[in-house]
Amino acid sequence: MFNKTKKAIILLLLTSVLAGCTGQVNANTPIPEEKPGQSEVEDEPTEPELTEEEKVQQELEKKTAEREELEKQRKSELGEFYVPLVPIGQEREKKTVEVMSLYATGHTAGNPLNKENIDAYGAYIKAMAENDTLKAKELSSSAEKANKFEKIIGIAVGTEINGLVINVKDDNGFITYDSNVEIVQKMNENTPIPIDDVKNMLQVLKEYDVYTIGRIVTFKDKNFAVQSPEHSIQLKTGGTWLDPNSGNIPWINPFDQYVWDYNVAIAKEAALLGFDEIQFDYVRFPDGAKKYNQITEFPGRNGRDKDEAIAEFLQYAKKELEPYNVNVGADVFGIITRTWDDYPEDIGQTWILMGEHVDNMAPMVYPSHYSTGWYNLENPNAHPYLVVKGAMEEAVEKNASMEKPPVIRPWIQDFDWAGIEYGPAKVRDQIIAAKELGITEYMIWNPSNVYDPYAFMLTDKEKAATYPFDKGELDYREKSPADAADKYLTGMLQDRYSYMYLMESVKDRVKGFDEYSELKATSNIKLLNFKVKNYVIDPENKDKASVELYYKIEVTDGDVKQVIEKDNIKWIAVRENNIWKIQSKFDTTVN
């Protein structure tokens, strides 16, 4: 009995001591049940929350690792055409700029750049623009220290010029800078490189806020064609065809995917270096097609028309360049503003097909390139204003037929030809001709790269005018609503479906011209005669009008044909993108 009591007292004392060590214990607190498999472990310490900076760094490391894997995959797939993507964190947005630019060869752009010389020449040009002759005289000695390229940049500092077109691949197919692309290195092993430090050149231009356009002479590439004759235009009798119009040189084949990838690889690298835009020049087949079509063949053609190949190349190039966020432009013959469906030139250039896949179209509307009769001129070269005016009116009309038209940016002539000097006044006349139609962008072609800055200063005439010109009831083709109806009906009468396509409201017809032509050719309505009488502008909407006309049509219903005449019929005309369009509606009811 005593021993039991003694043990109870000792147990009670031990319990009190333990309670003192761990804190008070409520006698009524239940002892938690231990779950099966649960062991007594200390709580794991929680990780400290990441700072925003650490989260950004972690995300960057993740993206960098993913990019490294992607680049390995791309390098394997693209092989010799591999060009890396823009590094993570160095991405840029496409620039939206009204571009007014000068042209520079690789040799001009390879001149050393001294900012003091650029600034001095720029200040000198500004003084000239402000008619401050005293200041200009003071600055002239320091300004003359500038080399040809520094003067070009100085003109951009002191005038409206804000862009430069620089050769990336020149007219012989030679690259103008040290390339890191395997195939480009292979094709240019013995090429003299005029631009020693292209990155520094682009950086300087960026500091002066100059928009940079990389010109790539695409399919006229003697260098590539000589080294890879299997990718050139072929003779049916064997061997490489030589172009007699270009000094008997070979051209690479615009149907050839290998050729596409070569030019696109160069474009990607130029974009990666920092060019704001890629411009594809000679993006066409050779001219003189009537003579060479019968004796040549194009591997990879697969039944396609030439203009299909050129449009598909531009579509492919633009898609491949999307990750680099650059604008894409295409140079075209000046006469492409008028010709239709690649006829009769057959060089692969059709405005509405090419324009769908580029940001801008650059027609080379040099007056010296037009023969007698164009724009009703005996000597177009002597009338630069009228030539550019006529060509731009046609370009505006072509653009107005498209759902998403490109920017029109013409090449302007700045070189003498056939005894006619093209000084600042003639250059400016061409710029003004386009400006009157709302076309404010342009590029100046002078093969010597020597420019007179006065050509890029506003004239008194411009300062006093408002642009674009208000044409009143006429459109930018100088047509009235009645003229639009006349052109549409003339096209119908003569089966000139291009006239009808251009004059019909975009929302009222199918998009594709081939499909449109087929629909019109198989229509059950045949126009026999017509007369457009007059038009009346809607008093509440200056871009809408009613046109009164007479027509005589033949309507076919199965084997039955009926001739129907209607007089005093009213059609609606609408002005779309500054061009009058007609909403045709034939009444086929019998009186």
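Contact means that heavy atoms lie within 4.5 Å. By this criterion Ser179 touches Val184, Gln185 and Glu269, not counting residues up to four places away in sequence. The model is a predicted one, in which local features need pLDDT of at least 70, side-chain atom pairs count only at pLDDT 80 or more, and totals for chains, interfaces and linings use all residues. Residues are numbered from 1 along each chain as its sequence is written, and side-chain values use heavy atoms, with hydrogens and water left out.

Ser179 is placed in the loop between strand S2 (163–169) and helix H7 (182–187). Helices (H or I, at least four residues) and strands (E, at least two) are DSSP runs, numbered from the N terminus. With a relative accessible area of 9%, Ser179 is buried; buried means under 20% relative accessible area, exposed over 50%, and partly exposed in between (1.4 Å probe, protein chains only). The side chains of Ser179 and Glu269 are joined by a polar contact of 2.6 Å. A polar contact is a pair of N or O atoms within 3.5 Å; within protein, one must be able to donate a hydrogen and the other to accept it, and residues adjacent in sequence count only if both atoms are side-chain atoms.

The largest nonpolar core has 162 residues, and those with the most contacts inside it are Phe149, Ile166, Met201, Phe280, Met392 and Phe456. Helix H10 (residues 257–273) gives the most to this core, with 9 residues. A nonpolar core is a set of buried Ala, Val, Leu, Ile, Met, Phe, Trp, Tyr and Cys residues joined through side-chain atoms within 4.5 Å. In soluble globular proteins, nonpolar side chains tend to be buried together. Leaving aside neighbours within four places in sequence, the contacts of Ile166 include Phe149, Met201 and Phe275.

Trp411 is placed in strand S10 (residues 411–413) and counts as buried, at 1% relative accessibility. The C-alpha atoms of Trp411 and Met361 are separated by 9.8 Å, the two residues being 50 apart along the chain. Among the residues that Trp411 touches, beyond four places in sequence, are Tyr103, Gln279, Asp331, Met364 and Trp445. The side chain of Trp411 also makes a polar contact of 3.0 Å with that of Asp331.

Strand S7 (residues 327–333) is mostly covered, with 7 of its 7 residues buried. Strand S5 (residues 277–281) pairs with S7 in the parallel sense over 4 bridges, where two strands pair if DSSP finds at least two bridges between them. In this pairing Glu277 stands opposite Asn327. S7 is also joined to strand S8 (residues 360–364) by 5 bridges, and these two strands run parallel. Here Phe333 stands opposite Met364.

An open sheet is formed by 4 strands in the order S12-S13-S14-S15, with antiparallel pairing. Strand S12 (525–538) and strand S15 (579–583) stand at the edges, each with a single partner strand, so one side of each has no neighbour in the sheet. The twist averages 20 degrees from one strand to the next. Helix H17 packs on the sheet, touching S12, strand S13 (541–557), S14 and S15, and its direction makes about 175 degrees with that of S12. Axes are lines fitted to C-alpha atoms, for helices over the stretch in contact, and angles run from 0 to 180 degrees between N-to-C directions. Strand S14 (residues 560–576) and S15 pair in the antiparallel sense over 5 bridges, and Arg575 stands opposite Trp580 in S15.

Helix H17 (residues 481–493) has 13 residues and reaches 18 Å from its first C-alpha to its last, close to the 18 Å expected at 1.5 Å a residue. The expected span is 1.5 Å times one less than the number of residues. Of the 13 residues of H17, 10 are buried, so the helix is largely enclosed by the rest of the structure. These buried residues include Lys487, Tyr488 and Leu489. Just after H17, Asp495 takes a positive phi of about 60 degrees.

Most residues other than glycine have a negative phi, and most peptide bonds are trans. Asn302, which is not a glycine, has a positive phi of about 55 degrees and counts as exposed, at 72% relative accessibility. Asp342 has a positive phi near 65 degrees but is buried, with a relative accessible area of 8%. A cis peptide bond joins Tyr343 and Pro344, with omega about 5 degrees. The peptide bond from Tyr467 to Pro468 is cis, with omega near -10 degrees.
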